[in-house]
Amino acid sequence: MKKVLIILGVVVVILIAAIIILPIIFKDDVRKAIDDSMAESIDANVYYDIDGFSLSLIKNFPDVTVSMSDFGIVGKGAFEQDTLVGVNNFLVTVDLMSVISGDQIIIEEIALDQPKIMVKVLPDGTANYDIAKSTEEESVEENIDTSSEGNVSIGINKWSITNASLKYLDQSLNFYTTLIGLNHEGSGDFNLDVFDMSTNTTVDAASLGFEGVEYVSNKTLDLAVILNMDLGQMKFTFKENRIAVNQFAMNIDGFVSMPGDDIEMDINFGGSDISLTSILSLIPGVYQEYLDGVDASGNIGFNGYVKGTFNETSMPAIAANLSIDDGGVKYADFNIPIENINLKSSFDYPSADLSETSFNIDNFSMLVDGESVSSYLKFKNLENYQWDFGFEGNADLEKITKVVPLEGVTLMGKINAKLKSSGMMSEIEAGRYENLPTSGNLSINDFLFRSADLPQGFEISKANLSFNPSEISLSEFSAKSGNSDFSLTGKVTNFLAFALSENGVLAGSLDFSSSLIDLDELMPEESLEEEETTDEPLEVVRIPENIDFTLASSIDKIAYSNMPITDFKGKIVIRDGAILLEKNTFSMLDGNFEMTGSYVTKDLDQPKYDLGFKIQGLSIASAFNTFETVRNYVPIAEQVTGKFSADFSTEGLLGDDMMPLMDEIYLQGLVNIAQASLEKGQFVQKLSAVTSLKPGAKSADGEADPISLKDVLIQTEIKDGRLFIEPFELNVGGQNALVGGNNTLDGQLDYSMLLKDIPTGQIGNALNSALSSLTGGKKLVSDKINLNLGIGGTYDDVAVKLLGTSDASGGKSTSATESFKQELTSKVDGEKEKAEAELVAKKEEQRQKIMSEAQTKAEQIRSQGKASAEKIRQEGYAAADKVLAEAGSNPIKKKVAEETAKKLRSEADKKANAVEAEANQKADQLISEAQDKASKI
């Protein structure tokens, strides 16, 4: 007996020693097997604490427990800074005997402690979870006969996740969601064919956002579900469950069965102790602040079902109902109750036939501080949408702003609306809008809006509009903003086609009137100064092509800076992507204006204008101070006194800053100067110094002979960046003169002047000496002469030069004048042709430069793409060769290696071709864009 006890003791000691020693002996082998498996299957950097890796038979004897601490997976390439998964502790417990038998491996428990998961998708769709390596070996091995091997199944009895956090960021969709404080546990005996699986899940804070708006903020989730699992029949039955989002909870009863390819469902769901407060708890997070201090009451009904078969030809029937009875909402800070909230709605999807689908709000009504609001909607037939909608209600904006405060904004007014509409989509598609019964009216009274940007406020004393299927009628609209007043009446037509179809054109005819539009108040000087100093230029204003509006305006006065406009009358037409001006007349700067023309933005890169205008009695100096074209092309106008009339037409292009491109302006017309004079300035001084005429009319201060114009008609043209002046008559120091020529935008002058019929007795000594040098020392014998002058230099540094003389005695003056005029006209025409040729050459040079630069860059892109493609091929083929070399002579490994090498080469060729094709596409696009840009020069 003693020997038996000794033997048993030794066996026990050996077993205990084995339990302790065996995991230590095989720990490194198990860890290496895990490392090798992860290296073969995961294309990412995997890390864990080596010292925290353990293999134990004691912890859960007689089961084997493998645990890791500080485990994580980090991506490569674009994701090398992102941790996909990080786990504080990862534990797996396996039934030892199931491993030994090999028929069925039973996992007793899987536990993750404090896992942190970050899923990220880049704008191009690349995801950090795409880390699985291609497994060509699997596809080959599947073809290897494994009939001799036994089937191995795996069962899991218990699993848990503790204090997890999950973040999903999809930059391609501008979408994100986060789950903080996720705890989940589940259990079930998967060794059985029929068993109950029990799961419990809670989330402390769930958030969801899309397109920059957070729709769900820090909502709690609580899911407790017991499913009866019949794995033999693949039938899953809900037994006990509760699913809650914040305070909104519901239960599910029924089953889901998948005996074959079809999915059979018979599920009923409904609310569990829900109220209006439960509904409000689901309000998107972006609006959550408005619900602070809100007390809600009312009975809620919510239920529905999903019943039927899901397969390629059928869908289960789905129905849901939501109702609110005698609901109410009260705000702690504001005595504005919302009472008698009643809602009855339903959704019905009886089959896969979309024409049978319907959604109805049979009734929605409530009282907002005694104001009634009611609505209904009946919507059915997703094949040919049919609707019946109605709304009626009143709104007091001042009360609404107390509930939803608008910081720094005053908003008041009462709105009354009534609307009914019904019809079907087929009528819209056919354009039969008259078959869509639509009617309603909207009235606004005592409206006021005031903010920091609009301190004077905007008031609508009264506005009334009504509508039917064909038009919206604005019968009254009276408004004020500070000193400005507005009155508007008219009609808008085709609004249904505009709202419901892609090609609908919104048309309208409105009458606008005002006694005063104070632009100085609406656009204060401070704002204009801020706009001028900002780094952001103005942008081209695009005129919609689906708008056809006529605005007939009558404005008594427009106050704007130092040039008030009065008696404005005319029509502005918005049509086909353009603004058209139809005979708009007004008075400004003591002159009368009439304007016609257009502003066209069909080509947004080169918006065009085409204007015609007539001017009567405008001050020349005022024109300089007001109009940029005058300042740029005729800066001498600043020193000219007098008035002029004009009849001009002009066209050109606008830049990105909405300002005219000066070298693209084309202008032609007539300027009629009744009376004007130039008494001071560098030009007068230089001309007086050269001519040195002794007698003649002096200026008021006696400094120089004045230049005067009376009843002069001047023909002008701006073309190719130059101002051309046809020869015209004027008076210089009491003498008749003829002048003409051109100047550039930067002020370069090229003019000729003929001083006519000058008595030789008036010629001073200095001029006489100059003439003697021109005549070779001969004295002038004629009693009258003509002086031929050249005017060059710039406006800032005028150069006047005596070019020659001609005999003006004995009736010779007229022929000399005509000859000079013809010569000058021919010179001006020649300069026009020269300027045009220079501009054409300049533009051609610009086009060639654009194309040359684009072609050089395109070749670089193609070359880089070709080099990158070749590198990809070389790396892929080298990897294939390496796989083949490592396979050795083993037939199975060799076969697998050949398949793998084939795929590696194929993938390398595919990627290389894609890279090269992308480079060629970018190069072609660059050339195309350059051609388009060059064609617009």
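Of the 937 residues in the protein chain, 36% are buried, that is, under 20% relative accessible area with a 1.4 Å probe and protein chains only. The model is predicted, so that local features need pLDDT of at least 70 and side-chain atom pairs count only at pLDDT 80 or more, while totals for chains, interfaces and linings use all residues. Residues are numbered from 1 along each chain as its sequence is written, and side-chain values use heavy atoms, without hydrogens and water.

Next, select residues 175-187, strand β9, together with residues 194-210, strand β10; the two run antiparallel, joined by 12 bridges. Strands count as paired if DSSP finds at least two bridges between them. Y176 has G209 of β10 as its bridge partner, and a hairpin of 6 residues links β9 to β10.

In the hairpin of β10 and β11, with 2 residues between the strands, E211 takes a positive phi near 55 degrees.

Now move to F644, F683 and M753, which have the most contacts inside the largest nonpolar core, a set of 85 residues. Such a core consists of buried Ala, Val, Leu, Ile, Met, Phe, Trp, Tyr and Cys residues joined through side-chain atoms within 4.5 Å. Finally, select F195, M229, F238 and F269, which belong to a second, separate core of 14 residues.

Methods:
Helix = DSSP H or I, 4+ residues; strand = E, 2+ residues; numbered from the N terminus. Buried < 20%, exposed > 50% of the residue type's maximum accessible area, 1.4 Å probe, protein only.
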